[in-house]
Amino acid sequence: MTIRESLEQQEDLILCDQATFSRRTRGRPRPEPACDIRPAFQHDRDRVLHCKAFRRLKHKTQVFLAPAGDHYRTRLTHTLEVSQIGRTLARALRLNESLVEAIALAHDLGHTPFGHAGETVLARLRPGGFHHSLQSLRVVDFLEKAGQGLNLTHEVRDGILQHTKGKGDLLLAAAPLEAQVVRISDAVAYLTADADDAVRAGVLTPEDIPEAVRRTLGETHGMRIDTMVRDVVRHTLERGLEAVVMGPEVHEATMGLREFLYERVYDNPAVHGDFVKATKILEELYDYFLRRPDWFLDNLAQPIPGAEIEDLATDFIAGMTDRYALALYENLFMPQPWKVF
Ligand code: MG
């Protein structure tokens, strides 16, 4: 028996019946021999962690643009927080922790520079629109490894795709439980962290958060995560693992926190002001690439046979970090000092 096979057998002892078992994976888009020491989802987790798009998350905005302060979340630290919360839930619920971790680490790979400002501008410019979840899947399917992709299992790919976020409900009952865990972990991570970062940024004081929200979820960042995680574990078990859910009281407080953050942080002109500038930078870059397709294809684009220039420009812009977008903009549109003394 290989090490992988013995690890797969351990899942029979540890995981609950509703979990996704590594041994029963639906496989990969291109069949390949299984690793002899790692079960499929653990292998996928490693592929995501080692890919280039993952490293770029470090310089992508979460909410506050290219923050100078060292303590603000970036897309990378957000991703790690989602993974931590997801793994805690997966272990407590006896679900497949490696599958949760692989989906969590990949869930934001397709995010644009400048946070939602980037997503909004690409959605408007690209014919056919733009959504970061679809782009995350495109990153792992095509863009990584010079067009070969990471060839992840269908379970991880589905988990990435099911991961859409908006003002809609937190829950997506049709998805496998591990994908539901990541979705709820993303909400727990970003709502608690954005409140914390908004206080750090001077956009809020802790007392601005509605009293009813604080009463139910707690006064500190740590207490709020703890309340939500415990509530999800309790109510998911009470419902016999039919779906990953919060109870009504904590769910209502969480929705209250979200509404408050939209009003006071995400749509706040002080936070939003730089989004207007970021939008302009990305618009001009997109326009520049489209007006000089030969130059763009020769110098910057990752060639994908048969792809439209609009898609290549979108891939390239979506892949940028904040600082790369700023540097390229400066390079293309601003006069440069002559460097020879
Ligand atoms: Mg996220």
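A: His111 is buried, with a relative accessible area of 0% (buried means under 20%, exposed over 50% and partly exposed in between, with a 1.4 Å probe and protein chains only). This is a predicted model, in which local features need pLDDT of at least 70 and side-chain atom pairs count only at pLDDT 80 or more, while totals for chains, interfaces and linings use all residues. Residues are numbered from 1 along each chain as its sequence is written, and side-chain values use heavy atoms, with hydrogens and water left out.

His111 sits in the loop between helix 5 (97-106) and helix 6 (115-125), helices being DSSP runs of H or I with at least four residues, and strands runs of E with at least two, numbered from the N terminus. Apart from neighbours within four places in sequence, His111 is in contact with Lys60, Arg75, His116, Glu119, His132 and Ala318, where contact means heavy atoms within 4.5 Å.

Turning to the metal, the protein donors of the magnesium ion are His78 (NE2), His107 (NE2), Asp108 (OD) and Asp186 (OD), at 2.2 to 2.5 Å from the ion; donors are N, O and S atoms within 2.8 Å of the metal (3.2 Å for Na, K and Ca), and sites may look incomplete because water is not among the atoms. Since His78 lies in helix 4 (residues 75-93) and Asp186 in helix 9 (residues 177-200), this pair ties together parts that are 108 residues apart in sequence. Both His78 and Asp186 are buried.
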